[in-house]
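Here are my notes for a colleague new to this structure. Please keep the model open while reading the numbered points.

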Amino acid sequence: MGLKQSLRKLAYSSGFLHRYHRKKNHDALTVVLFHRVLPKDNPEWDTADPEWSVTLEFFRECLQFFQQHYSVVSFPQVLDHYQHGAPLPGHPLLITFDDGWKCNLKYAAPLLSEFGFPAIVFVTSGALGKPILSWQEALFALWKSGKLDDAKVSTMSQTLGMELPKEITSRAQYNRLLGILRGLHPEKRRLLDPALLEWAGDLPDVPFMLEHEEVVQLRDHGLHIGSHGISHESLVKVDDVHHELRVSRQILEELVGQDQPVLCFSPPQGQYDQQTLDAAHSLGYQCACTNRTGINAICRHDGIINLGRINIDQPYLLNKQGDLDASKLASLLFRQPILEQG
Ligand SMILES: [Zn+2]
């Protein structure tokens with residue numbers, strides 16, 4: 001064990017990190033970000049990106065950690081605090097999910113209920129009922145399951161009218177192909193979407209994304225719904241950011257009902273700018289959960305609230321036995337800088 005690692009473990013086991021957190025973060029809101037939550041033995045793991053997925057077992061360990069060190073709060077509580085000064089408990093923490101995966105309902109929601117924890121799920125409205133989130137996840141899943149063969153790459157080359165590298169087996173070859181596709185103009189690259197989504201439709205256990213009526217079931221589980229756009233394209237690159245934010249909100253509100261308005265969004269791929277925030281605010285959004293790195297000073301705020309979030313990266317947080325290394329999570333969360341609004 002390295003010196004740094006030993007010191008971190010000692011700082012956690014001796015209670016030093018905990019005392020530091022009790023003092024420093026009493027009035028700071030920590031917002032954590034998850035994507036997919038799947039049992040270890042679920043076949044969906046075989047095609048999921050480990051960077052954006054956690055096991056159900058790991059998720060439970062995270063919830064135990066939150067129970068020990070935080071007061072988990074709901075999105076309406078957070079909003080009521082920033083807008084009206086309603087008190088929040090000490091060490092508040094908000095749990096968020098991006099994208100709108102079916103596994104959030106099937107596996108994460110029951111476990112959250114068991115702990116009595118609220119959360120907010122940012123749903124990509126255009127992905128509802130689709131086999132997989134977007135072309136990128138489809139490409140990854142096909143590659144990971146050994147189904148990105150030369151015939152498919154040839155079809156893609158023909159569709160685009162350009163040569164693409166073949167024999168995509170290693171991660172490096174996959175990354176090269178991904179880089180080429182990412183570099184294309186979105187309008188051109190979008191020509192591939194129908195084929196990629198159709199191929200992904202043949203993966204076992206699809207669809208992976210929530211169905212429309214499952215958004216209602218999430219609400220019935222006591223979870224809140226936010227928007228993650230329509231197309232999962234970056235909001236700084238889309239032609240019409242207003243359209244993405246307005247229509248996704250409409251679709252989701254039709255499902256969850258006007259009594260639970262969609263007031264918060266999270267920008268797909270973490271990309272946003274001031275124009276994005278202004279557009280969202282003009283459409284009635286009150287809050288953005290972004291990827292600003294840090295935890296959030298709690299205070300009254302009149303404009304749109306921009307909450308920094310911390311991504312829960314399972315590969316980074318596991319110990320050698322394959323369990324959550326609580327000292328690593330403590331070190332990651334407790335020492336974050338405190339961000340101000342505006
Ligand atoms: Zn996303």
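1. Burial comes up throughout, so here is the rule: a residue is buried if 20 or more other C-beta atoms lie within 10 Å of its own, exposed if 12 or fewer, and partly exposed in between, with C-beta atoms placed from the backbone. Val31 has 24 other C-beta atoms within 10 Å and is therefore buried. Its place is in strand β1, residues 28-34. Helices (H or I, at least four residues) and strands (E, at least two) are DSSP runs, numbered from the N terminus.

2. The model is predicted: local features need pLDDT of at least 70, side-chain atom pairs count only at pLDDT 80 or more, and totals for chains, interfaces and linings use all residues. Residues are numbered from 1 along each chain as its sequence is written.

3. Stay with Val31 for a moment. Two residues are in contact if their C-beta atoms, placed from the backbone, lie within 7 Å. Leaving out residues up to four places away in sequence, Val31 touches Leu94, Thr96, Cys289, Asn296, Leu307, Gly308 and Arg309. Thr96 is 65 residues away along the chain, yet the two C-alpha atoms are separated by 7.1 Å.

4. The domain assignment gives domain 1 (25-130 + 210-339) and domain 2 (135-200). Such bounds come from an automatic or database domain assignment. The two centres, taken over C-alpha atoms, are 29 Å apart. Six residues of domain 1 are in contact with six residues of domain 2. On the domain 1 side of that contact there are no nonpolar, one polar and five charged residues. For these classes, Ala, Val, Leu, Ile, Met, Phe, Trp, Tyr, Cys and Pro count as nonpolar, Asp, Glu, Lys and Arg as charged, and the others, Gly among them, as polar.

5. Next, the core. A nonpolar core is a set of buried Ala, Val, Leu, Ile, Met, Phe, Trp, Tyr and Cys residues joined through C-beta atoms within 7 Å. The largest one has 90 residues, and those with the most contacts inside it are Val121, Ala138, Cys264, Tyr285, Cys287 and Ala288. Helix α6 (residues 135-144) gives the most to this core, with seven residues. The core draws at least three residues from each of domain 1 and domain 2. Look at Ala288: beyond four places in sequence, its contacts include Cys264, Phe265, Tyr272, Leu277 and Ile304.

6. Which of its residues are buried? They are Val241, Glu244, Leu245, Ser248, Arg249, Leu252 and Leu255. These cover an arc of only 125° around the axis, which puts them on the same side of α12. The arc is that of the directions from the helix axis to the C-beta atoms. On the other side, His242 and Glu254 are exposed. Cover for the buried residues of α12 includes β6 (120-123), α11 (212-220), β7 (224-227), β8 (264-265) and α13 (274-282). Just after α12, Gly257 takes a positive phi of about 95°.

7. Helix α11 can be read likewise. Glu214, Val215 and Leu218 are its buried residues. Their arc is only 110° around the axis, which puts them on the same side of α11. The face turned away carries the exposed residues Glu213 and Asp220. The buried residues pack against α5 (102-115), β6, β7 and α12. Just after α11, Gly222 has a positive phi of about 90°.

8. Gln260 is found in the loop between α12 and β8. It counts as partly exposed because it has 15 C-beta neighbours inside 10 Å. Beyond four places in sequence, Gln260 is in contact with Arg219, His224 and Ile225.

9. Check the backbone too. Most residues other than glycine have a negative phi, and most peptide bonds are trans. Glu167, in the loop between α7 (150-160) and α8 (171-183), has a positive phi of about 55°. Gln269, in the loop between β8 and α13, has a phi near 60°. The peptide bond from Val206 to Pro207 is cis, with omega near 0°. Pro207 lies in the loop between α10 (193-200) and α11.
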